[in-house]
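Visitor: Please put the sequence and the model on screen. I will then ask about individual residues and about how the chains meet.

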Amino acid sequence: MSDTIPFTIDGVAVEGRPGQTILQAADDAGIYIPRLCAHKELHPFGSCRVCTVKVNGRPQSACTMPCAKGMVVENNTPELLEHRRGLVEMLFVEGNHYCMFCEKSGNCELQALAYRLGIMAPRYPFQFPDRNVDASHPDVLIDRNRCILCARCVRASHDLDGKNVFQFVGRGSKKRIWINAEAKLKDTNLDVTDKAVEICPVGAILKKRQGYAVPVGQRLYDHQPIGSDIEAKRAAAAQA
Amino acid sequence: MAKPKVATASLAGCFGCHMSILDIDERILQLIELVDFDKSPVDDIKEFTGRCAVGLIEGGCCNEENVRVLKDFRKHCDILISVGECAICGGIPAMRNTIPLKECMDEAYRNGPSVYNPTGVYPNDPALPLVLNKVYPCHEVVKIDYHLQGCPPPADTIWQALVALLTNKPMDLPYELIKYD
């Protein structure tokens with residue numbers, strides 16, 4: 001086909017389509033590029049930088065960079081993996097991530113990424129920031145201790161739900177996810193069925209009365225690393 | 001040749017990780033073939049009797065005694081391993097880190113709903129170790145060589161890690177044995 005864009009990821013030939021980002025083309029080709037803020041139903045945002053790849057030798061976020069003919073992309077190199085490890089470790093020390101009692105544990109994308117990257121302990125000192133919980137809504141709660149500021153809920157509420165429930169306030173280490181109301185989550189028009197609720201990659205926005213429903217051993221990332229579903233596509237294609 | 005020695009300690013932890021060590025079940029007989037236990041709650045030896053090959057640390061540091069024990073372990077052990085979330089991240093005890101120490105002490109010894117303390121004095125027996133300003137993970141206090149994640153780490157994780165170390169093999173833990181919960 002003439003309208004495909006040939007390029008390579010780690011030496012593997014990939015055919016992108018016009019308008020696709022590197023991340024989207026890689027997903028279609030069955031090559032997993034780690035990501036946290038990117039989501040297939042949302043516009044690219046490029047905040048977490050976990051998907052950083054090298055394009056012709058220069059670092060770029062794969063979720064925002066359109067694919068171009070002949071580009072040489074590096075993804076699974078020791079250097080980039082080390083960068084990604086560092087980024088994920090920073091997310092861990094910057095919040096209060098208590099996996100042992102988190103309802104999202106086992107289904108959490110941040111945790112799963114740490115498993116996949118083989119992180120045994122963060123190299124940075126823990127910050128233990130003082131963050132709060134808003135459980136005023138009858139069906140949903142926000143635990144800001146676990147928020148990684150990926151803006152998935154911001155974008156999902158605005159673009160998919162047609163509302164505008166979430167937004168950021170503050171700058172730098174004081175940045176927090178906040179709500180479009182005077183005081184509490186219960187004062188917003190957020191509904192438990194909103195996409196913004198289920199799209200949270202971590203345990204920051206949770207549906208109430210759903211915790212620990214799936215037993216340990218049957219959760220999403222208990223046996224297969226995150227990204228296995230994408231990589232399975234390539235393995236299946238290679239067998240065919 | 002004498003068997004290598006293993007020492008263990010529970011600092012600011014709940015002894016759950018030690019339970020997980022015992023959870024290796026009958027393999028503890030194999031372990032005894034491989035090693036001798038030195039200072040450890042398992043055999044109740046209170047002080048080091050000599051150099052140890054491996055030290056297993058459960059829990060982080062919440063008071064000065066934890067720090068003293070941890071430094072003692074570092075001095076006596078060739079390889080020091082943080083076992084479990086509390087040793088690695090501070091864990092549940094570290095939840096107090098966002099609350100000023102005075103507020104924590106007041107809640108525990110003066111204002112708590114079940115507290116009876118008419119004099120309002122904090123426990124101050126000289127034998128009680130002083131509480132630190134916050135809870136520290138072990139690797140922020142001394143050099144830690146390996147970390148075994150989990151709350152607690154599965155018995156298989158501890159077993160495979162110990163056997164790998166004691167038989168000079170690389171510690172290649174499978175995906176399923178690295179869990180943070």
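**Backbone and interface**

Visitor: Is Tyr212(A) buried or exposed, and what is its relative accessible area?
Guide: The class is set by relative accessible area: buried is under 20%, exposed is over 50% and partly exposed is in between (1.4 Å probe, protein chains only). Tyr212(A) falls in the exposed class, its relative accessible area being 56%.

Visitor: What kind of model is this, and which pLDDT do side-chain atom pairs need?
Guide: Residues are numbered from 1 along each chain as its sequence is written, chains are lettered from A and ligands numbered from 1 in the order written, and side-chain values use heavy atoms, without hydrogens and water. The model is predicted: totals for chains, interfaces and linings use all residues, local features need pLDDT of at least 70, and side-chain atom pairs count only at pLDDT 80 or more.

Visitor: What is the phi of Tyr212(A), and where is Tyr212(A) found?
Guide: Most residues other than glycine have a negative phi. Tyr212(A) is not a glycine, yet its phi is positive, at about 60°. Helices (H or I, at least four residues) and strands (E, at least two) are DSSP runs numbered from the N terminus, and Tyr212(A) sits in the loop between β10 (205-207) and α6 (228-239) of chain A.

Visitor: What is the omega of the peptide bond from Cys151(B) to Pro152(B)?
Guide: Pro152(B) lies in the loop between β7 and α6 of chain B. Most peptide bonds are trans. The bond from Cys151(B) to Pro152(B) is cis, its omega being near -5°.

Visitor: Which residues of chain B lose the most area to chain A?
Guide: Contact (heavy atoms within 4.5 Å) involves 29 residues of chain A and 25 residues of chain B. Buried area is the accessible area (1.4 Å probe) that two parts lose on being put together, summed over both; here it is about 2,200 Å², with 64% from carbon and sulfur atoms. On the chain B side, 33% of the buried area comes together from the residues that lose the most: Tyr175(B), Tyr180(B) and Asp181(B).

Visitor: How far apart are the closest N and O atoms of Arg219(A) and Asp181(B)?
Guide: A salt bridge needs a side-chain nitrogen of Lys or Arg within 4 Å of a carboxyl oxygen of Asp or Glu. Between chain B and chain A the count is one. Arg219(A) and Asp181(B) form a salt bridge, with their closest N and O atoms at 2.7 Å.

Visitor: What is the angle between the ring planes of Phe92(A) and Tyr180(B)?
Guide: Rings of Phe, Tyr and Trp (its six-membered ring) pair if their centres lie within 6.5 Å; planes under 30 degrees apart count as stacked, over 60 as edge-to-face and the rest as tilted. The whole structure has six aromatic pairs over all chains. Phe92(A) and Tyr180(B) are an edge-to-face pair, 5.8 Å centre to centre, with a plane angle of 75°.

Visitor: Which segments does that pair join, and are Phe92(A) and Tyr180(B) buried or exposed?
Guide: The pair runs from helix α2 (residues 78-94) of chain A, which holds Phe92(A), to the segment after α6 (155-166) of chain B, which holds Tyr180(B). Both Phe92(A) and Tyr180(B) are buried.
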